[in-house]
Structure formats: structure tokens, C-alpha cells
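The sequence and structure come first, and the description follows.

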Amino acid sequence: MSVYTSRAFQAYQLFAANTNVGKTIFATGLCRAAALMAANNNHDVHYLKPVQTGFPVDSDERHVKTFNSPLLRTHTEFAYPDPVSPHIATDKPPTDREVLDKTKQHILNAIEQSKDKAGAYYFLETAGGIHSPVMSGTSQADFYRALRLPTVLVGDSNLGGISTTLTSFESLHVRGYDVPSVLLFDNDRYKNHELIATRMGQYHTPVRVACVPAPPSPLEDPVADQEAMRKYYAQLDEYLLPMMQFLDKDHHARFDRLDEMAEKASNKFWWPFTQHSLVKKVTVMDSAHQDRFVTYDKETQSKKDMVDSCASWWTQGLGHGNAELTLSAAYAAGRYGHVMFPESCNEPALALAEKVLDKDTWAQRVFFSDNGSTAMEVALKMAMGSAAKRYGWEQKQPITVLGVDGSYHGDTIGAMDACSPNVYNDQVQWYQPRGHWLQPPTVHIAKGKPYVQLPSTMVDGNTERIDYDSVSSIYAVDQLGNQRDSALADIYKKHIEQQLVQLRGRNVGAVLMEPLLMGAGGMIFVDPLFQRVVVDTIREQGKDLLGYTTQQGQNDAGWQGVPIVFDEVFAGWYRLGRRSAADYLGVYPDIVAYAKTLTGGLLPLALTVTKEELFKTFLSEQKPDCLLHGHSYTAHPMGSNVAKTTIDILDSLAKPAGVWETNYHQPWKKHDGGNMFSMWNWETVQELSHLPNVDSVMTLGSVLAVTLKDDQTSGYGSTVSASIIQQLRHGQFLDNAGVNVNLFARPLGNVIYLMTSQITTPDEVAVCERILLSALKN
């Protein structure tokens with residue numbers, strides 16, 4: 001069962017531009033109007049007041065019930081006697097989760113009670129103004145966003161009410177609420193409704209503004225006062241019944257649009273990485289919030305939750321609909337929009353560059369672009385241009401890269417050519433592999449045991465498995481270096497030296513690697529010791545082993561051997577538990593590419609960060625010698641400001657006393673040691689690793705990868721995960737609040753991976769684990 005609106009279940013929440021502007025009167029009137037309609041269309045009518053202060057002297061529920069049909073079902077969830085703001089009404093405030101779960105439960109109960117009817121109308125009345133807090137102090141505008149019910153905004157008809165009404169609307173609008181109607185009392189002196197209606201027309205979103213007669217002044221005699229209000233509400237029916245009919249029509253129009261979206265999308269979109277002939281069902285997304293999509297099913301005419309278990313292609317870091325990021329983007333858009341960047345400076349771009357260089361202390365320059373693949377193209381140009389100049393390679397001499405087999409650096413042609421042949425570039429006619437790729441040793445957990453698997457190219461045609469006592473011991477390279485396993489480090493070093501000698505005569509202009517985790521290649525966890533030895537060997541011996549000579553007038557300052565490029569588009573900014581995946585290696589690159597989580601999942605932006613010495617390679621008095629690369633929206637202020645805000649929030653989460661330490665790091669430390677942690681439970685990882693259809697498991701930070709056994713094929717071409725993915729997306733599962741939920745997961749061949757955001761709660765992780773285990777076992 002879903003807590004969201006459906007074709008049959010119409011729900012509205014009433015927000016107000018201020019206190020004492022008539023919200024309860026409008027709630028009463030709308031309930032009356034809905035009851036009049038319900039008498040003809042076999043609907044129920046429900047009213048909820050989640051939070052009431054000043055109770056029982058003040059009771060909005062009592063007022064609504066007094067002047068409504070006895071068929072109206074009403075309820076107040078949390079009531080406090082002190083007539084103050086909810087955040088100071090109690091010294092034992094319930095958590096936001098408790099309040100939200102009780103609200104959801106009331107909605108579920110209303111749906112259940114109405115199952116024998118044609119439908120129901122449901123009204124939720126908030127407390128005070130839109131930013132009045134709930135008991136925890138959270139703004140109501142943010143607290144109720146999880147429900148995203150269509151909103152009736154009660155405006156202020158008094159002096160100053162234009163400002164409070166419009167700013168209230170903008171606060172709701174920027175948070176993604178639909179506000180089909182603004183209601184306020186008629187005030188002949190100020191006529192606020194006229195200007196508000198005009199201004200609403202400028203927002204390019206349909207909003208009906210209506211005013212109604214103001215209620216009579218209160219009478220001292222309670223009987224007379226109640227009678228006066230009864231007459232007033234009878235008059236109000238003439239105004240609010242048409243409004244309720246408009247809301248009803250608007251409700252069905254929204255669902256008419258949702259009904260047509262799947263078919264239109266199939267006919268108009270060309271989806272990336274999608275074989276259209278194999279798409280059985282289009283996922284229509286009505287909205288998203290925190291870790292969940294709200295999706296629509298035409299067959300049931302209803303919405304449901306889907307956990308964004310692929311982190312929206314690994315971009316999602318701080319939750320969908322994050323108000324802090326939205327406001328950060330809005331501020332930059334309002335201050336700048338987009339402005340020219342070459343030879344210019346804007347504050348968000350500069351502040352971001354300063355912030356990043358404060359972290360990457362090995363670097364001095366930041367190049368802005370728009371996506372990870374482009375950031376890697378820029379990195380290649382930087383590295384190859386610098387290597388060619390130092391070693392005197394002719395302009396048109398072929399240049400190659402040294403990479404890791406299974407890595408993937410993006411879909412642009414240059415980045416594709418820097419990858420070994422794979423399913424992504426196999427059918428690209430222009431593709432030419434321009435490199436040599438090392439076979440990587442990989443990290444796994446099988447039957448509860450962590451191990452490193454060596455490729456046959458390292459051990460004379462045989463594969464070899466090296467077991468470890470814990471995952472943390474594998475990731476102790478930053479502390480122990482080669483002493484993590486000196487014998488294995490020697491094997492790695494010897495192998496790499498042999499590979500470099502074989503490359504003599506070729507111009508290797510860059511060493512590329514995705515540190516720790518190769519994402520698109522199949523969630524391949526590479527032994528960090530191997531990557532550490534690669535970097536050390538290149539810097540200490542690469543120049544000699546490759547047979548390169550530094551040209552006269554050049555020097556070896558800044559980088560040694562060959563420029564090292566880390567592709568942290570996926571792994572960077574805490575995706576794997578630490579700010580940079582390089583932190584696990586204990587060595588840092590000469591160039592790094594960042595994107596995806598950099599902006600918390602809101603806007604496209606990428607950075608290529610590098611050293612001053614590589615920057616100087618492109619300095620001269622001739623314009624063509626510069627780095628001729630860029631795009632129209634380089635360093636756009638919105639993305640730059642959002643990225644800086646994202647980094648600030650992530651840094652706060654990562655503090656020693658932050659929530660990651662309590663929720664994730666400490667539990668893992670009890671079982672595995674403290675060099676790494678995962679947001680996925682250690683016990684669940686152990687259970688997964690023992691399942692009969694699972695070959696191995698691996699986890700780090702927010703990533704969980706489950707490799708399924710497949711006797712036919714492996715890798716991207718495998719279909720063994722297809723039925724499990726369908727079960728995750730469309731099976732019948734409930735979350736802790738009793739709400740239907742599924743996982744939006746995408747496979748990589750025989751690998752099923754799940755990915756949290758950086759704000760995912762332990763409860764949400766547990767829901768995902770329970771669903772995954774159920775799908776794998778059944």
C-alpha cells in the first residue's frame with residue numbers, strides 16, 4: 001500500500017503564509033465542499049492535524065469536526081498544552097521519523113478504511129506558517145516534503161500579506177511542491193489577491209488564486225458565535241465547492257499526464273545504455289526525495305516508493321530534493337545565471353577551486369568541465385602534452401597510455417581509446433585502442449573470507465588466491481605500504497617492471513587508473529597494494545625502464561616517469577568512505593578527475609585538478625600552445641556553488657564525531673578493523689557471501705557488489721541477474737512503516753550492485769538488505 005495520492009485517493013495539505021490567516025477555516029470549508037462532492041461520487045473524507053499546540057483549549061480538529069458532516073473522519077496525532085511553537089512545546093520531542101511514520105500510518109489507515117468506496121478526499125492541516133517547525137525544529141516545508149502532497153496555500157490578506165504569500169509560495173515551489181491553489185480572505189482595502197494572482201501568472205506554473213468573504217468577528221456568547229459560524233460556512237460552500245471541483249479536475253489531469261508518460265517516453269526518448277527492444281516496463285518517476293523515487297504505475301493508477309539503489313548512476317550523494325543544494329543553486333542562479341569564464345572569475349568557481357585545493361594539497365590548478373568523460377579527456381591532454389614536451393616526442397608521433405584492464409573512463413571518443421577493448425567500445429567504428437593494460441589483482445569476499453585473486457598473467461598461467469583475516473587488513477596500504485604483504489608487493493613490482501620493459505619504443509604519455517574500484521567495468525575492486533606499487537614503480541623507475549631521456553631545457557620537476565592520472569569520477573568525494581580513493585593508497589596522482597558526487601547529485605560539473613608543473617607545459621606567448629579545450633557552460637556558478645556546499649556537508653558527515661562514525665564505522669570496526677568501513681552491515685555481507693548462487697561479494701563505503709555464479713558467461717553480456725533485477729524492481733516488499741517499496745537497481749552483467757547515498761540511514765540500508773536477500777534466496 002502506498003501513502004501517495006492515487007487516481008482514487010485525493011490528498012491535499014494546507015500550508016499557510018503566516019499564523020492567524022484562516023488556515024483552519026479553509027480546512028473546514030474544503031472538508032465541507034469535499035463532503036458535498038463525496039455524497040455524489042461515493043468517496044470518504046478524512047482530516048488530519050499532525051501537530052496541535054495549546055490543546056485542549058485550542059483544537060483545530062474540534063473546529064473542523066464541529067462544522068462538518070458527521071461522516072468526516074478526523075484525527076489529531078500529537079497534542080501539547082502549551083500554545084507555543086511545536087519545537088518548544090515539549091521537552092521530549094519525538095524524532096522526525098516517528099512523526100512521519102505516524103502521519104504515514106494515518107494515511108494508510110484512511111486508504112484502508114476507504115477501500116470499499118470509489119475513493120477518498122484527504123486533508124492534512126499543518127501548523128503555523130510554512131517554515132514553522134515540527135517538534136525537532138525541522139521546518140515543516142522540509143519535513144512534509146517526503147509526502148509531497150498537492151498543496152493549498154492559505155495566503156495573507158492583511159497589510160504585508162503580499163510579501164509573505166509570495167515568499168511562502170516560492171519556498172514551496174523551490175522544494176518541488178505542486179501548489180494548484182492559493183486561497184485568502186477578501187480584503188477590500190488591500191486587495192492582495194489581485195496582485196498575488198498577477199504575480200502567480202509570472203511563475204509559469206498554473207495556480208488558481210481565489211478569495212472568499214472573511215469570517216464574522218467572534219461573539220462573546222459561544223452559542224451565538226457558533227450559529228454565526230454555521231451561517232458563514234453555509235455561505236462559504238458557494239465559494240469552496242467550485243474550488244474543490246477545480247482541485248478534483250486538476251487532480252485527474254495530473255494522473256492523465258502520468259498515464260501517457262510511459263508510452264510517450266518509449267516513442268520519443270533514445271535512452272543511454274539501453275536496448276529499447278528489451279525494455280518491458282518504463283519507470284515513470286513522479287518525484288524523488290532523499291533516497292527514494294516516487295514512481296507511477298498506470299495499471300494500478302497509483303504511486304509507490306523505489307529506493308534509488310544505483311544512486312542515479314552514482315551521482316547521488318546528499319539525497320534527492322535536498323533543500324540546501326537547491327537553495328545554493330538558486331542563489332547562484334539569481335546572482336549570476338551563467339557567465340563567461342575564460343579570463344574571468346566568479347565567486348562560486350573561485351571558492352570551489354580554493355576548497356578543492358585545500359584538500360588536494362599536492363595540486364595547484366583546477367580545470368572546470370561538465371562531466372567525467374570530458375574531465376578525463378582534459379587529463380589526457382595535460383599528461384600527454386607534458387610527457388611529449390619533456391621527452392621530445394614529435395607532434396604527430398603516436399602516444400599511448402598505460403592503464404588497468406577493466407577500467408572505463410567515459411563515452412567520449414578520446415576517453416574510449418584510453419580503455420582496453422570492451423563491450424562499450426566494441427561497436428564504435430572510430431575506436432582504436434591506444435594503450436597497454438595491466439591485468440589487475442582483485443579483492444573479494446566468499447563464504448565469509450576476504451581474499452585477493454591474482455590474474456594468471458602474474459603467476460605463470462595460474463590464478464592464485466591469497467586469503468586475509470579481514471577486509472581492513474587489505475586496505476591498510478596507506479599505513480603499511482609494501483609491508484602490508486611484502487612478498488606480494490615483490491610479485492607486483494617484478495610484473496610491472498617486465499611490462500614496462502616490453503613497452504620500450506612506445507611513447508607512454510599517461511598512466512591511468514580508477515583507484516580501488518573500476519565501476520563500469522563491473523564493480524571490480526582492485527587490490528590497493530597493486531595500484532600503490534604501480535605508482536611507486538612508475539615514479540622511481542618508469543623513465544629508465546621505458547628508456548626515456550629528458551630533453552635539454554626540461555627537468556624532472558613536478559612529476560616523475562610518466563604523469564599519473566587518477567579517474568575519481570566515481571570513487572571520489574567519500575563514495576568509498578574517504579574523501580579521495582587515493583587516501584587508501586597513501587600516494588597521490590599528478591592529475592585527478594572528479595565529477596558525479598562532487599555536486600551531491602544535483603547538477604553536472606567536473607574538475608580536472610593538477611600540478612603547477614603540468615600547467616606550465618602549456619605556457620608560451622603563442623595562443624595555440626594553450627590547452628585548447630572547454631565547453632560553453634564551463635565553471636557555471638550554479639554547479640560551482642552547489643559543489644562547494646556539497647563538500648561542506650560531506651566534510652561534516654565525515655568528522656570523527658559525525659554520523660558515519662557512529663552509524664557505520666564503529667559497527668564495522670567491531671568485526672573487521674578500522675582501516676575501512678561500509679554503509680552495508682557486516683552481518684549482511686557475510687550472509688550474502690555464503691549464498692549458493694553467489695560467487696563473491698565486496699563492499700566499501702556506500703557500494704555493495706554481489707557477483708552471481710554464471711556457468712554460461714560472465715561480465716556485461718551475462719543475463720543471470722535479469723530475473724533478480726525484475727524482482728527487486730517489481731516484487732512485493734514493505735518498508736518499516738508498512739509502505740510498499742522496491743529497489744531501482746541496474747545490473748552490470750552478472751554483478752548486482754547496490755549503492756547508498758552519503759545520507760542513507762541504517763534503517764533504509766536494512767530495508768534494502770532485506771529486499772536483496774529475499775530476491776537472491778527466492
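Arg 292 is buried, with a relative accessible area of 11% (buried means under 20% relative accessible area, exposed over 50%, and partly exposed in between, with a 1.4 Å probe and protein chains only). The structure is a predicted model, in which local features need pLDDT of at least 70 and side-chain atom pairs count only at pLDDT 80 or more, while totals for chains, interfaces and linings use all residues. Residues are numbered from 1 along each chain as its sequence is written, and side-chain values use heavy atoms, with hydrogens and water left out.

Arg 292 forms a salt bridge with Glu 764 (a salt bridge is a side-chain nitrogen of Lys or Arg within 4 Å of a carboxyl oxygen of Asp or Glu). Glu 764 lies in helix H23 (residues 762–777) and Arg 292 in strand E9 (residues 292–297), so this pair links distant parts of the chain, 472 residues apart (helices, H or I with at least four residues, and strands, E with at least two, are DSSP runs numbered from the N terminus). Glu 764 is buried too, with a relative accessible area of 12%.

A search of the whole structure finds 38 salt bridges. Three of them are set out here.

| Pair | Closest N and O atoms |
|---|---|
| Glu 764 and Arg 292 | 2.7 Å |
| Asp 44 and Lys 117 | 2.8 Å |

Arg 365 in strand E11 (residues 365–369) and Glu 612 in helix H18 (residues 612–616) are 247 residues apart. Arg 365 counts as partly exposed, at 32% relative accessibility. Salt bridges that share partners also join Lys 23, Lys 49, Asp 60 and Glu 125 into one network.

In the pair of Asp 44 and Lys 117, Asp 44 belongs to strand E2 (residues 43–53), and Lys 117 to the loop between helix H3 (96–113) and strand E4 (119–125), 73 residues away. Asp 44 counts as buried at 8% relative accessibility, whereas Lys 117, at 35%, counts as partly exposed.

## The parallel sheet

An open sheet of seven strands runs in the order E3-E2-E4-E1-E5-E6-E7, with parallel pairing (two strands pair if DSSP finds at least two bridges between them). Strand E3 (73–80) and strand E7 (208–212) each have a single partner strand, so one side of each has no neighbour in the sheet. On average, neighbouring strands of this sheet are turned by 20 degrees against each other, direction ignored. Seven bridges pair E2 with E3 in the parallel sense, and Tyr 47 stands opposite Thr 74 in E3.

Helix H1 (residues 23–41) packs on this sheet, touching E1, E2, E4, E5, E6 and E7 (contact means heavy atoms within 4.5 Å). The direction of H1 makes about 175 degrees with that of E4 (axes are lines fitted to C-alpha atoms, for helices over the stretch in contact, and angles run from 0 to 180 degrees between N-to-C directions). H6 touches E6 and E7, and its direction makes about 170 degrees with that of E7.

Helix H5 (residues 161–174) has 14 residues. From its first C-alpha to its last, H5 reaches 20 Å, close to the 20 Å expected at 1.5 Å a residue (the expected span is 1.5 Å times one less than the number of residues). The buried residues of H5 include Leu 166, Phe 169 and Leu 172. Among the elements covering the buried residues of H5 are strand E1 (9–16), strand E5 (151–154), strand E6 (181–185) and helix H6 (192–200). H5 is followed by Gly 176, whose phi is positive, near 90 degrees.

## The mixed sheet

A further open sheet has seven strands in the order E11-E22-E21-E20-E17-E12-E13, and its pairing is mixed. E11 and strand E13 (435–438) are the edge strands, each pairing on one side only. E11 runs antiparallel to strand E22 (residues 606–610), joined by five bridges, and Phe 368 stands opposite Leu 607 in E22.

## Nonpolar cores

The largest nonpolar core has 155 residues, of which Tyr 475, Met 523 and Leu 728 touch the most other members (a nonpolar core is a set of buried Ala, Val, Leu, Ile, Met, Phe, Trp, Tyr and Cys residues joined through side-chain atoms within 4.5 Å). Helix H11 (residues 372–391) gives the most to this core, with 10 residues. A second, separate core of 41 residues includes Phe 15, Leu 48, Ala 89 and Tyr 122.
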